[in-house]
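The following report describes one protein chain, moving from its surface to its side-chain contacts. Please read it beside the sequence and the structure shown here.

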Amino acid sequence: MVEGNKENIEMVKKKRGRRPKDAKNEYVLNKEQTKFFVDLSKDEKDLEKIQEILVETNTKKHGGEVLFKDLALYAISKLSKKDIEKLQENSLSEMEKVERSLDEYNIKNGTKLNLGEYLLKKLNLN
């Protein structure tokens, strides 16, 4: 039993040392996860919006209670490719947006500008 735990711990340990500057952690989805929690304690506007929707959907004479789970599953089923692209766009920091713009520029023009050269070119500084 103890040996099995040691093997699991070794698999979870992170590699030591410096990581390359451009290296990004790859997102790995845990397919065994069955519960998801949403903490809205710091997002009062979103919490109020969800509460309003729940009150509105449960103001009825017949049928069972509509839960947050029902709202979430319905909304997820309505997500389009454009919505997913917007979510991805919103997850980028300002610097990541600049780096993406640099990559697109280099691919489009067949150049290999670094960030400084790209910013000088875009801002017309020289």
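Asp-39 is exposed, because its relative accessible area of 60% is over the 50% that marks an exposed residue. In this predicted model, Asp-39 sits in the loop that runs between helix 1 (2–12) and helix 2 (44–57). Asp-39 also belongs to a patch of negative charge on the surface, where it gathers with Asp-43, Glu-44, Asp-46, Glu-48, Glu-52 and Glu-56.

The chain as a whole has 6 helices and 0 strands, so that from the N terminus on the order of elements reads α-α-α-α-α-α.

Asn-106 lies in helix 5, which spans residues 94–109, and it is buried, because its relative accessible area of 13% is under the cut-off of 20%. A polar atom of the Asn-106 side chain lies 3.1 Å from the backbone nitrogen of Leu-113. Tyr-105 has its place in helix 5 as well, and it counts as buried at 18% relative accessibility. The C-alpha atoms of Tyr-105 and Tyr-118 are separated by 8.5 Å, while the two residues are 13 residues apart along the chain.

Which side chains meet in salt bridges? A search of the whole structure finds 2 salt bridges, and Glu-89, Arg-100 and Glu-104 are linked in a network of such bridges. The pairs are set out below.

| Salt bridge | N to O distance |
|---|---|
| Glu-89 and Arg-100 | 2.7 Å |
| Arg-100 and Glu-104 | 3.9 Å |

Arg-100 and Glu-104, by contrast, both lie in helix 5, where they are 4 residues apart, about one turn of the helix.

How accessible are the members of this network? Glu-89 counts as partly exposed at 30% relative accessibility, Arg-100 is partly exposed with a relative accessible area of 33%, and Glu-104 counts as partly exposed at 49% relative accessibility.

Notes. Residues are numbered from 1 along each chain as its sequence is written. This is a predicted model: local features need pLDDT of at least 70, side-chain atom pairs count only at pLDDT 80 or more; totals for chains, interfaces and linings use all residues. Side-chain values use heavy atoms; hydrogens and water are left out. Patches are made of residues with over 30% relative accessible area and no salt bridge: like charges are joined within 9 Å, nonpolar side chains (Val, Leu, Ile, Met, Phe, Trp, Tyr) within 5 Å. Accessible areas come from the Shrake-Rupley method with a 1.4 Å probe; for residues, only the protein chains shown count as cover. A salt bridge is a side-chain nitrogen of Lys or Arg within 4 Å of a carboxyl oxygen of Asp or Glu. Lys and Arg count as positive and Asp and Glu as negative; His and the chain ends are not counted. The place of a charge is taken as NZ of Lys, CZ of Arg, CG of Asp or CD of Glu. Helices (H or I, at least four residues) and strands (E, at least two) are DSSP runs, numbered from the N terminus. Buried means under 20% relative accessible area, exposed over 50%, partly exposed in between (1.4 Å probe, protein chains only). A polar contact is a pair of N or O atoms within 3.5 Å; within protein, one must be able to donate a hydrogen and the other to accept it, and residues adjacent in sequence count only if both atoms are side-chain atoms.
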